[in-house]
Amino acid sequence: MGKVSKMANIKTNAMRILEQMKIEYNGITYNSNDGKIDGVSVSEKIGKDPKFVYKTLVVQGHSNTIYVFLLPVKEELDLKKAAKAAGEKSVEMIHVKDLLKFTGYIRGGCSPIGMKKDYKTFIDISALEIDKIIVSGGKIGVQIEMETSKLIQVCHGEIVDLTIK
């Protein structure tokens, strides 16, 4: 199951879900004491190319529906493309203070796996170019590396072009 490197005592909800589904993953920890928890900093701390490390963004549509978008940490979400993918007139990022209320997670530890509700999830098309993807493990200082196809399956992700070109 989950190979937990140097973190035998850390088990997040996202990891429990993957284990229940019998999906292999690799748990990766990093030191967050310096406060640098943005995706690019995290990719540097774990020694992985940023093209493999994806951030989880949560937006609210014009209809008040919540959506989840996954894209490489160095990229920026194109809100027009996001709205089109979600079938909304417009979308906007939810306030950081509302993240816990909607997802059960906090900024820097928001995993696309195991949110409070099963929100419609969109994954940037660039994910099709990589075999393994790294996302937040559901806690600051914890990342999960897994097969991209398995993440798409777990999140019921729809692949779309989401980034500003």
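## Salt bridges, pockets and a sheet

Let's start with Lys 165: its relative accessible area is 73%, so this residue counts as exposed. Keep in mind that you're looking at a predicted model.

What does the side chain of Lys 165 meet in a salt bridge? It's Asp 161, with N and O 3.2 Å apart. Asp 161 also meets the side chain of Lys 81 in a salt bridge, this time at 3.0 Å from N to O. Asp 161 sits in the segment after β9 (158-160), while Lys 81 belongs to helix α3 (residues 79-86), so their pairing ties together parts of the chain that are 80 residues apart in sequence.

Asp 98 forms a salt bridge with Lys 101, and their closest N and O atoms are 3.7 Å apart. Both residues lie in helix α4 (residues 96-103), with three residues' spacing, which is about one turn of the helix.

| Salt bridge | N to O distance |
|---|---|
| Asp 161 and Lys 81 | 3.0 Å |
| Lys 165 and Asp 161 | 3.2 Å |
| Asp 98 and Lys 101 | 3.7 Å |

The largest pocket holds about 490 Å³ of space. Its lining is made of 23 residues, and the ones nearest its centre are Lys 55, Thr 56, Leu 57, Arg 107 and Gly 108. Which of them gives the most? That's β3, with five residues. Sorted by type, the lining of the largest pocket has 13 nonpolar, seven polar and three charged residues.

The second largest pocket has about 170 Å³ of space. Ten residues line it, and Glu 24, Tyr 25, Lys 132, Met 146 and Glu 147 lie nearest its centre. Strand β8 (residues 142-147) gives the most to this lining, with three residues. By type, you'll find three nonpolar residues, one polar and six charged in the lining of the second largest pocket.

Strand β3 turns up again in a sheet. Five strands make up this open sheet, running in the order β5-β3-β4-β6-β9 with mixed pairing. The edge strands are β5 (91-93) and β9; each has a single partner strand, so one side of each has no neighbour in the sheet. On average, neighbouring strands here are turned by 35 degrees against each other, if you ignore direction.

How do β3 and β5 run relative to each other, parallel or antiparallel? They run antiparallel, joined by three bridges. To spot this pairing in the structure, look for Val 59, which stands opposite Met 93 in β5.

Note on methods. Residues numbered from 1 in each chain as written. Predicted model: local features only at pLDDT ≥ 70, side-chain atom pairs only at ≥ 80, totals over all residues. Heavy atoms only, no water. Salt bridge = Lys/Arg side-chain N within 4 Å of Asp/Glu carboxyl O. Helix = DSSP H or I, 4+ residues; strand = E, 2+ residues; numbered from the N terminus. Buried < 20%, exposed > 50% of the residue type's maximum accessible area, 1.4 Å probe, protein only. 1 Å grid on protein atoms, 1.4 Å probe; cavity = no way out; pocket = protein on both sides within 12 Å on 5 of 7 lines; lining within 4 Å. Points joined across faces, edges and corners; volume = space filled by probe spheres on them. Nonpolar A, V, L, I, M, F, W, Y, C, P; charged D, E, K, R; others polar. Pairing = 2+ DSSP bridges. Axes fitted to C-alpha atoms, helices over the stretch in contact; angles between N-to-C directions.
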